[in-house]
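Let us read a fold the quick way, one feature at a time. Keep the viewer open.

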Amino acid sequence: MKKLFLHIAIVACLFFLFDRSLGFGLKYLYRQSNATDEYKISYSNETTEAPILFFGSSRCLHHYAPTIFEKELGRECYNTADWGIKNIYYHYGLLGNILSRYTPETIIFEIHPCDWLQTPFSGTERAASLAPYCGMSEACDEMLELSGKYWPCQLSWTYRYTGSLPNLLTGKFGSMDRSLKGWKPMDGVLDTTGIKAEEYPFPVDKDRVALLERFIKDCQQHHIQLIMVESPMYICSQQDVFKFVRELAEKHHLPFLDHYRDSDFVGHADIFYDFGHLNRKGAEIYSHKMAKELKAFIGSPTQ
């Protein structure tokens with residue numbers, strides 16, 4: 001019996017050493033990756049100390065060009081947004097990790113209906129992208145617990161990177177231009193054939209709303225200026241989609257810059273990549289417009 005326990009202990013130790021060694025190697029590859037998800041998540045969680053950060057999902061990723069905002073606002077900016085229907089579960093964990101390192105001055109939050117509605121394919125599982133940062137902050141760990149990833153990530157360092165393995169093997173050939181500071185422009189022009197407005201016939205999710213409230217509270221407690229924004233769509237819903245956001249912003253005395261139905265953009269196919277995302281030209285035009293608008297709230301460093 002003693003030999004059996006000894007063998008089990010040896011196997012467990014070997015598993016532990018192998019897992020930690022492989023996990024350490026995958027961590028190195030993760031930090032070196034130039035694939036969109038891995039690069040954006042790594043840089044946003046571990047590296048950026050920009051005073052102005054953009055938060056959001058794909059519409060934020062493709063619409064906000066930090067270098068344009070920097071020229072107008074006189075401060076360094078970084079776009080932390082990522083695609084894949086990232087929602088408040090991901091954003092809250094990311095905020096916790098960033099606050100464990102430093103406190104930004106301003107967060108510009110491109111809010112999306114998946115942040116407060118029970119939209120499909122956008123539940124707690126979206127926080128799983130933070131698996132490589134298990135243990136970095138209480139907020140991150142809480143979101144990983146909700147996603148069901150916390151304990152597997154605690155047990156195995158290798159497990160933290162399994163969802164990224166294809167990108168880690170080819171990551172250095174990824175498509176992120178790091179000089180763009182997190183912005184990923186889309187090149188192409190919208191084909192308007194069969195385009196319909198995106199509708200949101202989903203109930204409000206009280207858990208997501210509560211998390212949004214916590215996101216706002218954490219920003220306020222750290223004296224971070226929080227500005228909620230919404231960028232244009234090619235074609236808009238007939239619903240008053242962002243009524244909830246207006247009321248939330250009013251409740252907490254936050255600015256909400258709503259360009260969802262902005263006539264400078266809506267219906268102009270030449271500046272859209274698809275019905276929900278501006279192309280490179282459209283994003284540059286929008287960033288210039290938003291930078292001037294934000295200047296009234298943020299001002300210049302000398303003010």
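The dialogue below covers the sheet, the helices on it, a helix pair and a cavity in this predicted model.

Q: What is the strand order of the open sheet, and is the pairing parallel or antiparallel?
A: The five strands run in the order β2-β1-β3-β4-β5, and the pairing is parallel. β2 (77-79) and β5 (256-258) are the edge strands. Each has a single partner strand, so one side of each lacks a neighbour in the sheet. From one strand to the next, the twist averages 20°.

Q: How many bridges join β1 and β3?
A: Four bridges, in the parallel sense, between residues 52-55 of β1 and 106-110 of β3. Phe55 sits opposite Phe109 of β3.

Q: How are two packed helices described?
A: By the angle between their axes and the distance between the axes. Here, α4 (residues 66-73) and α11 (residues 280-298) pack at about 35°, axes 9 Å apart. Their crossing is right-handed. Contact residues include Ile68, Phe69 and Leu73 of α4, and Met290, Ala291 and Leu294 of α11. By class, the contact has seven nonpolar, two polar and four charged residues.

Q: Which residues line the largest cavity?
A: Arg59, His112, Pro113, Tyr200, Glu230, Met233, Phe242 and Tyr260. Five are nonpolar, one is polar and two are charged. The space inside is about 30 Å³.

Technical notes:
Residues numbered from 1 in each chain as written. Predicted model: local features only at pLDDT ≥ 70, side-chain atom pairs only at ≥ 80, totals over all residues. Heavy atoms only, no water. 1 Å grid on protein atoms, 1.4 Å probe; cavity = no way out; pocket = protein on both sides within 12 Å on 5 of 7 lines; lining within 4 Å. Points joined across faces, edges and corners; volume = space filled by probe spheres on them. Nonpolar A, V, L, I, M, F, W, Y, C, P; charged D, E, K, R; others polar. Axes fitted to C-alpha atoms, helices over the stretch in contact; angles between N-to-C directions. Helix = DSSP H or I, 4+ residues; strand = E, 2+ residues; numbered from the N terminus. Left-handed = near helix turned anticlockwise from the far one by under 90°. Contact = heavy atoms within 4.5 Å. Pairing = 2+ DSSP bridges.
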